[in-house]
Amino acid sequence: MTGTIVVVGGGASGLMAAGVAAAYGANVVLLEKTKRLGAKIRIFGKGRCNITNTVDLPEFIKNYPENGRFLYSALTRFSNWDTINFFNELGVETKIERGQRVFPVSDDADQVANALVRHARNNGAKIFSQKAVRKLILSDDGRIAGVETTDNEFFDADAVILATGGASYPGTGSTGDGFLLAKQVGHTIQKPFPSLVPLRVKESWVKSVAGVSLRNVEITIDNGKESDRAFGEMLFTHFGVSGPIVLTLSRKVAKWLENKESKVELTIDLKPALSFEILERRVQRDFNKYIRKQLKNSLDDLLPKSLIPIVIIESGIEPEKYVNQVTKAERRQLVNTLKALRLTIVDTLGIPAAIVTAGGVNLTEIDPRTMRSKLIENLYFAGEVIDIDGFTGGFNLQAAFSTGYLAGISATNHGERRD
Ligand SMILES: Cc1cc2nc3c(=O)[nH]c(=O)nc-3n(C[C@H](O)[C@H](O)[C@H](O)COP(=O)(O)OP(=O)(O)OC[C@H]3O[C@@H](n4cnc5c(N)ncnc54)[C@H](O)[C@@H]3O)c2cc1C
């Protein structure tokens, strides 16, 4: 391979693509807009970094809500176990946790980003930071001749890998540039929308429980025509709800809101393990235990303290009432609320606050076996810029690594064919 591969973007997918292409002998130039390579990896929650997941391939594919099958080749060429071996060989020891999620033993996201940078550099990729690509330059034959940066520099390219990420967490450099660059050269962009994103609700009472996290609850989202549910942990915030199960369902909510569904509700079953009847008996037992107390002081065994006034108000019962004055109808109303605490969703927090951007370069325009554009002979795509998004659990990084690997290898072979 004598030509130059220009990789645009120094995130998870771009660093992987650059390192692999360089390892296979290509002359690689990586251009990164910001000062910091792998900035998004470095900001991961608690500094941890869920690099992949050990579920098998069919299960893996199911974790990309709409377009998982597109990743079949990429995940076969560079699998979750390849990711684990890759990092282990670079000195990043890994461990498997709940949900088969894989983390570095160090719990240090910087270690993962540094390993990717080291891999690319040690294989000979030339890395330039603070170089933002603003244009892909097409030659007369419809191929890409090179890229132009915002400081008017031109880089010759025999092949270009677009690895600019989505538009989430723009502070990390991913501001949707890749969508514009791809569009400029004729690609269609599936409208970007937020996924894995916190939700805003109408009810102002959430402010009073901001920070309260609930485990083992079941939430149901519903738009009157369709519903979905998830069991696990959620969190109240000052504007609404977040936490793992909310993030999981948020993609669907974002789509419903985008489609202007008139009413999107989220219902929390605070006691999903108990049927209505069993929960009613349980409440009755607590009432017997706290018979001389006011209702507001009788639910401590059942609920987090700050949630008690909310549940009572939502049930329409006077909180000052003594337990022995609560009627059967009121008790049943209380149980109803415990089984279905309702919230009205008004919005998501938007793409900037989303863990991942759904939408992106149209999959029908990319060859899944190579990541090569079907429109431009020497253009390749990797990572979140593609219309692929996964659930939490390490699936987004694995998609970035697998597509980055495949784009890197394919672009290298592309050069060899031309030689
Ligand atoms: C808070 C948070 C936590 C996350 N945690 C996890 C997790 O634990 N596990 C998981 O699997 N996924 C996680 N994700 C998702 C995951 O980080 C992304 O899906 C993944 O980083 C996408 O990789 P990428 O290479 O496509 O894009 P990015 O990592 O976003 O990299 C794109 C790069 O391109 C650069 N760039 C953009 N435009 C230009 C341009 N014009 N010129 C040059 N360079 C440009 C950007 O500066 C950026 O460095 C998390 C995301 C966030 C926001």
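Me: How is the chain divided?
Reply: Into domain 1 (4-194 + 356-418) and domain 2 (198-349). Keep in mind that this is a predicted model.

Me: What separates the centres of domain 1 and domain 2?
Reply: 40 Å, taken over C-alpha atoms. The contact draws eight residues from domain 1 and six residues from domain 2.

Me: How much area do domain 1 and domain 2 bury between them?
Reply: About 740 Å². Carbon and sulfur atoms carry 51% of that.

Me: Which three residues supply more than any others on the domain 1 side?
Reply: Glu66, Phe193 and Pro194. Together they supply 53% of the area that domain 1 buries against domain 2.

Me: Switching to the ligand. How many residues surround it, and which are closest?
Reply: 32 residues surround the ligand. The closest are Ser13, Glu32, Ser174, Glu384 and Leu397.

Me: What does the Ser13 side chain do there?
Reply: An N or O atom of the Ser13 side chain sits 2.7 Å from a ligand oxygen atom. For Glu384, a polar side-chain atom is 2.7 Å from an oxygen atom of the ligand. Lys33 uses its backbone instead: an N or O atom there is 3.1 Å from a ligand nitrogen atom.

Me: How much of the ligand does the protein bury?
Reply: 94% of the 1000 Å² that the ligand exposes when taken alone.

Me: Which helix gives the most to the shell?
Reply: H12, with four residues. Helix H1 (12-23) and helix H12 (395-418) each supply at least two.

Me: And how do the shell residues divide: nonpolar, polar, charged?
Reply: 12 nonpolar, 14 polar and six charged.

Definitions and conventions
Residues are numbered from 1 along each chain as its sequence is written. This is a predicted model: local features need pLDDT of at least 70, side-chain atom pairs count only at pLDDT 80 or more; totals for chains, interfaces and linings use all residues. Side-chain values use heavy atoms; hydrogens and water are left out. A residue is near a molecule or strand if one of its heavy atoms lies within 4 Å of it. A polar contact is a pair of N or O atoms within 3.5 Å; within protein, one must be able to donate a hydrogen and the other to accept it, and residues adjacent in sequence count only if both atoms are side-chain atoms. Accessible areas come from the Shrake-Rupley method with a 1.4 Å probe; for residues, only the protein chains shown count as cover. Ala, Val, Leu, Ile, Met, Phe, Trp, Tyr, Cys and Pro count as nonpolar, Asp, Glu, Lys and Arg as charged, and the others, Gly among them, as polar. Domain bounds come from an automatic or database domain assignment. Contact means heavy atoms within 4.5 Å. Buried area is the accessible area (1.4 Å probe) that two parts lose on being put together, summed over both.
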